[in-house]
Amino acid sequence: MEKDVKVVVVGGGAAGLAAAVELECRGVSCQVLEAQTRLGGRVHSVSGGTEGCFDRGAQMVNGDMSAVLSIARDIGLSCSPVPSTGEDLVVLGQDVCPRRDLLSNDEFEALLPAHVARWTSPKEALRTLWRAHTWWTTPWEDFGEAKRGLHRLVSGTKAPRGSLAEAIGRMLLCPEDEAMVRTMVCEQYGTTPETLDAVAIATGLDRYASERPDLEFHFPQGLGAIINALAAQLAHAPMLGSPVDRIDAGPDGVTLRGGDRTWCSDYVIVAVPPTVARKIRLNGDRKDELKQTLDAFQAGDLIKSVVVYDAPFWRWNGRSGRVSFADPVGLEIVDASYDDGGRPRLAAFLGGPTARQRASLPEEARQRLLLEDLSRAFGKEAMHPRAVTEAVWVDDPWSGGGYNASVKPGYRADAAARLAGWPGRLRFAGAELDGSFAGYVEGAIRSGRKVASGVAGDLSGAVRS
């Protein structure tokens, strides 16, 4: 049996490390257990040799993500703005059009609340019915919208009840706008609108605590430097290669088992994605309710690639390098060049069913398809990169997938909030569980700190009593 500590933290990603640092700052002994042979979880920076650093997972932040930026300042980490000058594009079939002509992400998020049906209380039900009445009694904007509305009424085609697809259907978008929305959703959540709970998505967007662009800054040295900085603050070094198979939480403490090892503590913080947490055998109060809460989550599918070129040819015609594709659905491109004098690069994010499909192909075939996609947007120059690096997060054994886990229709939409506030000696932290920056490294750090603060307070109260 391993040496007892007050708290065991399961998971050495940003949430787990932030929780451990917070506990030690409050005088609470803790031990981080990480199943992999590295720290970071969905943050993983690797050297690209002469081509610079490659962030396989999380990479970009914005100016409101104060927890990440504060750590970066403390360690002197250089921050580079993500290039954004020029015109954004969309690829619709063989046509390349300005992005400004179609529905933007911000416009979609503004439309969504009015089309999400909420039945959680009589008050919310009345609001939903009133919004539906107002919308249907408002005159059609044009003939196309009227035609789509009538087709929806008589076609009988229905999306899963409570799904994001159902809410999108109520918007009666033109085919081009709907294609852009589907690509945005597949890339951001790694799955289709049919498999996402509309209320959970709308709630997360409503609580997001920033009006700034998501892709505002990144770090030439890699976001992994933030992970290293957190780990360096710990008095007890994390134990790598230490998976946990079972956790038994009782009234007097917690026992954890993994392989031939056993750990004992007063509390445990499970700081792994919900889709991974449910692989652990969890025993304690409200065991069945906890299982149902964890079962609400699904992992996304994502392939991230970075394509390095000798010259930023996409800028020569006033283009920003940002492209959204209707086909393959879920493909988004961004100029990911740093301002450190290194070679220009494009980052490609492919999420959803197409990512899963391409993940089954040989690496060479995946890269060839990506270069063909890029050439449709930028021309033949895109077919001749200097280097291509990729990270396949489909069915990743340690994260479940990428970027995050999301709630499925048919389950409680507040599953993330319930997990974040889970009482007792078994607590949970993670990027998905933060109320302000859910799904980001910022949210992971905030979640870890918050749950650690609560545990430290409980321990302090127990000592005083």
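L172 sits in the loop between α6 (164-170) and α7 (175-189). Helices (H or I, at least four residues) and strands (E, at least two) are DSSP runs numbered from the N terminus.

This is a predicted model, in which local features need pLDDT of at least 70 and side-chain atom pairs count only at pLDDT 80 or more, while totals for chains, interfaces and linings use all residues. Residues are numbered from 1 along each chain as its sequence is written, and side-chain values use heavy atoms, with hydrogens and water left out.

**Chain overview**

- The secondary structure of the chain comes to 15 helices and 20 strands.
- Of the 465 residues in the chain, 51% are buried.
- Contact means heavy atoms within 4.5 Å. Among contacts between residues at least 6 apart in sequence, 73% join residues at least 24 apart.

**Backbone exceptions**

- Most residues other than glycine have a negative phi, and most peptide bonds are trans.
- R286 is not a glycine, yet has a positive phi of about 55 degrees. R286 is found in the loop between β12 (281-283) and α11 (287-295), and at 39% relative accessibility it counts as partly exposed.
- The peptide bond from D327 to P328 is cis, with omega near 5 degrees. P328 is placed in the loop between β15 (319-325) and β16 (331-335).
- G402 and Y403 are also joined by a cis peptide bond, with omega about -10 degrees. Y403 lies in the loop between β18 and β19 (405-407).

**Helix α1**

- Helix α1 covers residues 14-25, and 11 of its 12 residues are buried, so the helix is largely enclosed by the rest of the structure.
- The buried residues of α1 are A14, A15, G16, L17, A18, A19, A20, V21, E22, L23 and E24.
- The expected span of a helix is 1.5 Å times one less than its number of residues. For the 12 residues of α1 this gives 16 Å, and the end C-alpha atoms are 16 Å apart, which agrees.
- G27, which follows α1, has a positive phi near 80 degrees.

- Axes are lines fitted to C-alpha atoms, for helices over the stretch in contact, and angles run from 0 to 180 degrees between N-to-C directions. Angles under 35 degrees count as roughly parallel, over 145 as roughly antiparallel, 65 to 115 as roughly perpendicular and the rest as oblique.
- The axes of α1 and helix α9 (residues 224-232) come within 9 Å and cross at roughly 30 degrees. That crossing angle makes α1 roughly parallel to α9.
- The crossing of α1 past α9 is left-handed, a term for a near helix turned anticlockwise from the far one by less than a right angle (right-handed if clockwise).
- From α1, the contact is made by A14, L17, A18 and V21, and from α9 by I227, L230 and A231.
- The residues in this contact of α1 with α9 divide into seven nonpolar, no polar and no charged. Ala, Val, Leu, Ile, Met, Phe, Trp, Tyr, Cys and Pro count as nonpolar, Asp, Glu, Lys and Arg as charged, and the others, Gly among them, as polar.
- The axes of helix α2 (residues 66-74) and α9 come within 10 Å and cross at roughly 75 degrees. This angle makes α2 roughly perpendicular to α9.
- V68, I71 and A72 of α2 meet I226, A229 and L230 of α9 in this contact. By class, the contact of α2 with α9 has six nonpolar, no polar and no charged residues.

**Helix α13**

- Helix α13 (residues 363-378) has 16 residues that should span 22 Å, and its end C-alpha atoms are 22 Å apart, which agrees.
- Buried residues in α13 include A365, R366, Q367, L370, L371, D373, L374, A377 and F378.
- G379 follows α13 and has a positive phi near 100 degrees.

**T389**

- T389 is in strand β18 (residues 387-392) and counts as partly exposed at 34% relative accessibility.
- Not counting residues up to four places away in sequence, T389 touches F54, K304, S305 and V306.
- The C-alpha atoms of T389 and D55 are separated by 9.9 Å, although the two residues are 334 residues apart along the chain.

Definitions and conventions. Buried means under 20% relative accessible area, exposed over 50%, partly exposed in between (1.4 Å probe, protein chains only).
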